Amino acid sequence: MFDWSKHGFRVTSPYGTRQDPFNGKPTFHTGIDLVKAHKAPIFAFMGGEVVHAREGQTGTGFGNFGIVVALKDERGALHCYAHLNSCSVKVGQKVAAGQEVGKQGTTGRSTGSHLHYEVRTKSAPSFGFDCHTNPGEYLAKHLNQEKGTGNVKQKDFISKIAAAAVEDMKRTGIPASLTIAQAALESNWGESGLTTKAKNLFGIKGRGPAGSVRMLTKEYRPDGTSYQIEADFRKYNNWGESIADHSQLILNGTKDKPKRYHGVLHADYKTACYEIWRGTYATDPGYPQLLIDLIEQHGLQKYDTMGKVEQASIEVNGKKIAEGPLINGYVFAPVRTVGVALGCRVGWDGKSATIGGKPVPGCQMINGNAYAPVRAVAEAADAKVQWNGKERKVTISKKI
Ligand SMILES: [Zn+2]
């Protein structure tokens with residue numbers, strides 16, 4: 001069965017026969033009542049085209065439903081999100097699963113703020129009135145069928161950014177699946193205005209390498225209500241720069257809490273989805289599950305396997321002092337740790353490192369530390385290197 005709690009909802013009244021909340025008589029409840037929080041964003045459980053997005057009128061199939069957003073899915077079934085406080089979409093718009101359709105509310109015949117979610121097997125006449133079906137069963141059946149598929153546009157988007165996300169994971173330990181899922185969600189599969197104008201996949205504000213663009217954006221007050229303001233967003237030359245910048249944000253956090261996202265590093269995808277939310281990248285309680293669903297539906301876990309880097313153990317004078325990643329056949333060693341263990345003076349000017357005043361070629365930043373091929377580090381320190389392939393171990397010792 002479909003698990004509503006994973007999407008941040010409490011079920012307050014299931015589909016089927018119940019006592020009417022207004023008159024106590026037994027009636028058939030044609031949908032399911034779900035509660036997150038008043039004015040919380042409501043995300044589409046399944047994608048579709050918006051065919052209704054306003055107050056439901058009596059006689060049209062949506063009387064007493066208050067503000068209703070209705071989406072027609074690929075099979076022609078209608079997904080009705082009723083009693084909303086407001087709509088976030090317009091008629092004719094194509095909406096992906098996980099995209100916001102409106103805010104939870106209590107408009108129409110309602111006893112308190114909740115979402116009445118109803119699935120109808122037809123969308124006409126009268127928006128398929130009375131053709132209701134069990135929404136949990138419908139989602140469980142059809143979302144499972146769609147696992148691993150996704151449409152052409154989504155596959156195309158994934159193929160465009162997967163390589164950059166994998167390369168980035170090798171350097172940073174940020175799961176590629178998380179990067180791809182967040183990019184898909186925040187950029188609406190590469191089609192948001194901000195992504196089109198500024199190659200900005202994650203909605204990061206400020207000035208970027210290609211300047212900035214001013215756009216209208218929604219902000220939320222502490223009580224959950226929203227307002228629109230203009231803000232400057234970072235502009236990039238390409239999506240690769242946007243992905244690298246997202247990684248910097250995860251690595252550096254914010255000034256007050258530099259490690260706020262560090263739970264993401266080297267984590268499995270489920271943990272990473274919860275950790276990014278716990279660092280308050282997003283406040284919606286349904287956010288982690290939204291990412292997890294995206295990852296599982298599109299099989300993004302495979303990119304985490306590709307981005308995993310084997311580690312070699314690094315010993316200096318017979319003692320293990322660090323681990324270093326094996327990248328393209330080279331073991332990379334942390335320059336400072338190894339230099340100091342060899343009793344050398346280590347210098348760093350923000351771009352390149354020196355050991356005992358000698359430059360170390362091939363430096364790369366990995367998780368905020370300078371790494372270089374272990375042979376280059378040893379050479380600068382006037383030390384020798386032995387490689388034990390069987391044990392994946394590098395031994396460094398001072399030349400005598
Ligand atoms: Zn209901």
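The model is predicted. The protein has 400 residues, of which 40% count as buried. An automatic or database assignment divides the protein into three parts: domain 1 (4–146), domain 2 (152–307) and domain 3 (311–398).

**Overall layout**

- The secondary structure consists of 10 helices and 25 strands.
- Along the principal axes, the C-alpha atoms fill a box of roughly 95 × 45 × 35 Å.
- The centres of domain 1 and domain 3, taken over C-alpha atoms, are 59 Å apart.
- Among contacts with a separation of 6 or more, 56% join residues 24 or more positions apart.

**Helix α2: geometry**

- Helix α2 spans residues 152–172, which is 21 residues.
- From first C-alpha to last, α2 reaches 30 Å, close to the 30 Å expected at 1.5 Å a residue.
- The helix still bends, by about 40° at isoleucine 161.
- Glycine 173 follows α2, and its phi is positive, near 85°.

- Ile161, the site of the bend, is itself buried.
- Other buried residues of α2 include Phe157, Ile158, Ala164, Ala165 and Val166.
- Towards the end of the helix, Asp168, Met169, Arg171 and Thr172 are buried as well.
- An α-helix has 3.6 residues a turn, so residues three or four places apart point the same way.

Definitions and conventions
Residues numbered from 1 in each chain as written. Predicted model: local features only at pLDDT ≥ 70, side-chain atom pairs only at ≥ 80, totals over all residues. Helix = DSSP H or I, 4+ residues; strand = E, 2+ residues; numbered from the N terminus. Buried ≥ 20, exposed ≤ 12 C-beta atoms within 10 Å, placed from the backbone. Contact = placed C-beta atoms within 7 Å. Expected span 1.5 Å × (residues − 1). Bend = angle between axes of the 7 residues up to and from the residue.
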